[in-house]
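Colleague: I am new to this structure, and I would like to go through it with you step by step. Could you show it to me before I begin with my questions?

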Amino acid sequence: MNIKYWLPILVSTAFVGCASVPQANPQLAQQAKQLKAPTNGNAVIYVYRSNNVVGSALKKDVWVDGECLGETARGIFFYKEVTANEEHTVSTESEFSPNHLKFKTEAGKNYFVQQYIKPGVFVGGANLKLVDDTQGQKAISEYHLAETGKCSKTTIVLAK
């Protein structure tokens with residue numbers, strides 16, 4: 001490994017701050033962390049961003065079916081109860097255009113979507129992936145619930 005390549009990257013990360021977003025009230029956070037089965041035959045989508053230091057200074061918007069959940073920062077999550085047995089789209093802003101993850105939900109199930117930061121040309125981008133229950137439940141138990149409805153952009157264009 002070439003130290004001349006990695007040293008500037010390591011030094012620059014030491015001077016980068018961490019982004020933060022408003023957190024939801026503690027009672028609501030505790031309820032969300034219980035991971036109860038959704039009500040009325042619905043499903044729940046949890047969207048979280050890992051506590052990784054890569055891209056920690058970046059905040060990225062997240063939407064479910066075109067509705068703003070909020071801005072993400074490291075170690076936070078959102079949840080959204082949705083209609084079951086339908087296809088839903090989780091979207092995130094990225095460097096040049098939004099990224100979308102589509103999947104069909106089933107009644108009574110929780111779904112866990114991880115937003116992760118990826119390198120970009122000018123600034124880090126973001127992408128999404130569906131993760132298994134074990135990984136998702138562990139993340140939600142460790143992370144903080146963010147306040148919803150605070151996106152930096154007012155709309156997102158959904159893929160057809």
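Colleague: Which helices and strands each supply at least two residues of the lining of the second largest pocket?

Modeller: Please keep in mind that this is a predicted model. The second largest pocket has a volume of about 190 Å³, and its lining includes Gln31, Ala32, Val44, Tyr46, Tyr79 and Glu81. The elements that each give at least two residues to this lining are α2 (26–33), β1 and β4 (76–82).

Colleague: Why is the pair of Tyr48 and Tyr143 called tilted, and how many residues apart are they?

Modeller: By the distance rule for ring centres, the count comes to five aromatic pairs. In the pair of Tyr48 and Tyr143 the centres are 6.0 Å apart and the planes stand at 45 degrees, so the pair is tilted. This pair links distant parts of the chain, with Tyr48 in strand β1 (residues 43–49) and Tyr143 in the loop between α3 (133–142) and β9 (144–145), and their separation is 95 residues.

Colleague: What kind of pair do the rings of Phe103 and Tyr111 form?

Modeller: Phe103 counts as buried because its relative accessibility is 8%, and Tyr111 also counts as buried because its value is 9%. Their ring centres lie 5.5 Å apart with the planes at 35 degrees, so the pair is tilted.

Colleague: Which residue in β3 does Asp61 stand opposite?

Modeller: Strand β2 (residues 60–64) and β3 pair in the antiparallel sense over five bridges, and in their hairpin, with two residues between the strands, Asp65 takes a positive phi near 50 degrees. Strand β3 (residues 67–72) is mostly covered, as five of its six residues are buried. The residue of β3 that stands opposite Asp61 is Glu71.

Conventions:
Residues numbered from 1 in each chain as written. Predicted model: local features only at pLDDT ≥ 70, side-chain atom pairs only at ≥ 80, totals over all residues. Heavy atoms only, no water. Buried < 20%, exposed > 50% of the residue type's maximum accessible area, 1.4 Å probe, protein only. Helix = DSSP H or I, 4+ residues; strand = E, 2+ residues; numbered from the N terminus. Pairing = 2+ DSSP bridges. Phe/Tyr/Trp six-rings, centres within 6.5 Å; stacked < 30°, edge-to-face > 60°. 1 Å grid on protein atoms, 1.4 Å probe; cavity = no way out; pocket = protein on both sides within 12 Å on 5 of 7 lines; lining within 4 Å. Points joined across faces, edges and corners; volume = space filled by probe spheres on them.
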